[in-house]
Each structure stands twice: as C-alpha cells, then as structure tokens.
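I opened a new structure today and kept short notes on what I looked up.

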Amino acid sequence: MRRAVIYCRVSTTDQSCDRQQHELDAFALAAGYQVIQSFRETASGARVDRAERARVLALAQRRQIDAILVTELSRWGRSTLDLLKSLHQLREWRVSIVTLRGAAFDLSTPEGTMMATVLASIAQFERELTVERIKSGLAAARLRGRQLGRAAGDRPKSDRYQKKILALRDEGRSYRFIARELGLSKNTVMGVINRVEKERATVP
C-alpha cells in the first residue's frame, strides 16, 4: 500500500479545510492509499514559505511517503516557477502529487511533466488576471475621486505601540530588543522614537 499525506490549504481564516479533508479522506480510501498524516494550512498559494507544506516536503525528502494528496494542483502552489521547482524536487525523491481526480504529477514521465507545466501555467495566468482586475478596479476608483489606502499621517500600528516603545526605551532597552519584544520591525521602533523626540524638541 502506497504511503501518502493529505495536504489541505485555504487562503483566509474565514475559510475551512474541512471539505478538502473529507473529500481526500474518501479518495485515499477508494484509491488504496495509506494516509500517515494530514496537514492543514491557512496561507496564500503565492507564498512559498508555508510551514505545513515545508513539513510535507521534509517527509518527502526523507522518503517516508510516496504521494501527496491534494484536491487540486493550485492547493499546492499557484506560481509556475514554484510548482515546477517543487515537482522537480519530488521527482528526485520519487514522490508524486496526486489530485482528487486521480491525476498524478510525476515528473519522471513525459505525461506528468507536460500536465504539470500546462496546469501550472494556467494557475499563474489566473492569478495574473486577478491582479490585473484589482489594479483596474483601483484605477477606476481613483478616477471617481475615491481616496485609497491609509490617510497621510495615519499611523494606527505605531501609535498603538508608542507608549510601550517609549517605556522600554526609558528602561534602556535597545531598538532590536524592543522590536523583538513587541513583534515590530526595528525601523518602526526607530521611527516612533525619532518622531516623538522631534515633537518634543518643537515644544517650547
């Protein structure tokens, strides 16, 4: 029996992996796969630094699995380059990506390479169309006089942390320590402190 993992992904926190999990469980049972683990992730498909996918790849590299089960190829990744890179890695480890319809993307075969390339290109094309639509929508909104983005001078995040930043600075903490402690960038911390110091300098 071939060993497999199930990989489910949704893009936003208001979505659920339950449907993907249910469908892939049923598929694995019917196709005769031994599912050793399931992985769920909430992240954009454009990101290549997904933690759960990295764990799946680690299992593949150790050759502890034979297949990765996904509902569709775009669940694994939507960037053409990322898809092909990961498929080449999986080929070296003799691991296939298998979709819900039973299509196996195995780059050791010409058919698998062709199908992966075509579908990856389609996924990338769809993503680029979405980005283009968003840009067109923003341009149209600007033409209508609608203000987009944050208002000038509006610093909701830095303002929210200003008291904590100043308190830690008064304790003699470094910018790096404050940034790490509050989960901010070092530049944000420096910006808040510099702004406050300038404001205080202008007060008579």
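Predicted model: local features only at pLDDT ≥ 70, side-chain atom pairs only at ≥ 80, totals over all residues.

**Entry 1**

I started with the strands: 5 of them form an open sheet in the order 2-1-3-4-5, and the pairing is mixed. Strand 2 (33–42) and strand 5 stand at the edges with a single partner strand each, so one side of each has no neighbour in the sheet.

Buried or exposed, or something in between, for Ile36? Ile36 is partly exposed, at a relative accessible area of 37%. I then checked Ile36 against Val5: they are 31 residues apart in sequence, yet 5.8 Å apart in space, going C-alpha to C-alpha.

**Entry 1: strand 4 and its partners**

Which way do strand 3 and strand 4 pair? I found that strand 3 (residues 67–70) and strand 4 pair in the parallel sense, over 4 bridges. Within that pairing, Val70 has Thr99 of strand 4 as its bridge partner.

On to the other partner. Strand 4 pairs with strand 5 (residues 104–105) in the antiparallel sense, over 2 bridges. Here Ile97 has Phe105 of strand 5 as its bridge partner. The two strands make a hairpin with 4 residues between them, and Gly102 in the turn has a positive phi of about 90°.

I wanted to know what the side faces of strand 4 look like. Both faces of strand 4 (residues 96–99) are covered. Ser96 and Val98 are buried on one side, and Ile97 and Thr99 are buried on the other.

**Entry 2: helix 2**

I listed the buried residues of helix 2 (residues 51–61): Glu52, Arg53, Val56, Leu57, Leu59 and Ala60. They cover an arc of only 155° around the axis, which puts them on the same side of helix 2. I had to remind myself how that works: an α-helix has 3.6 residues a turn, so residues three or four places apart point the same way. The face turned away from the buried side of helix 2 carries the exposed residues Ala51 and Gln61.

Which residues of helix 7 (residues 175–182) are buried? I got Ile178, Ala179 and Leu182. Their arc around the axis is only 100°, which puts them on the same side of helix 7. Turned away from that buried side is a face with the exposed residues Arg176, Arg180 and Glu181. Just after helix 7 comes Gly183, with a positive phi of about 75°.

Then I looked at how helix 7 sits against helix 8 (residues 186–202). Their axes come within 8 Å and cross at roughly 115°. Helix 7 and helix 8 are therefore roughly perpendicular to each other. I noted the handedness too: this crossing is right-handed.

**Entry 3: two arginines with a positive phi**

I checked Arg63, which comes just after helix 2. Arg63 has a positive phi of about 60° although it is not a glycine. Arg63 is found in the loop between helix 2 and strand 3. With a relative accessible area of 46%, Arg63 is partly exposed.

Arg94 is one more for this page: its phi is positive, about 60°, although Arg94 is not a glycine. I traced Arg94 to the loop between helix 4 (80–92) and strand 4. Arg94 counts as exposed, at 69% relative accessibility.

**Entry 4: the cysteines**

How many disulfides does the structure hold? The count is 0. A disulfide would need the two sulfur atoms within 2.5 Å.

Cys8 is buried, with a relative accessible area of 0%. Cys17 is buried as well, with a relative accessible area of 7%.

Definitions and conventions: Residues numbered from 1 in each chain as written. Heavy atoms only, no water. Buried < 20%, exposed > 50% of the residue type's maximum accessible area, 1.4 Å probe, protein only. Arc of directions from axis to C-beta. Pairing = 2+ DSSP bridges. Axes fitted to C-alpha atoms, helices over the stretch in contact; angles between N-to-C directions. Parallel < 35°, antiparallel > 145°, perpendicular 65-115°, else oblique. Left-handed = near helix turned anticlockwise from the far one by under 90°.
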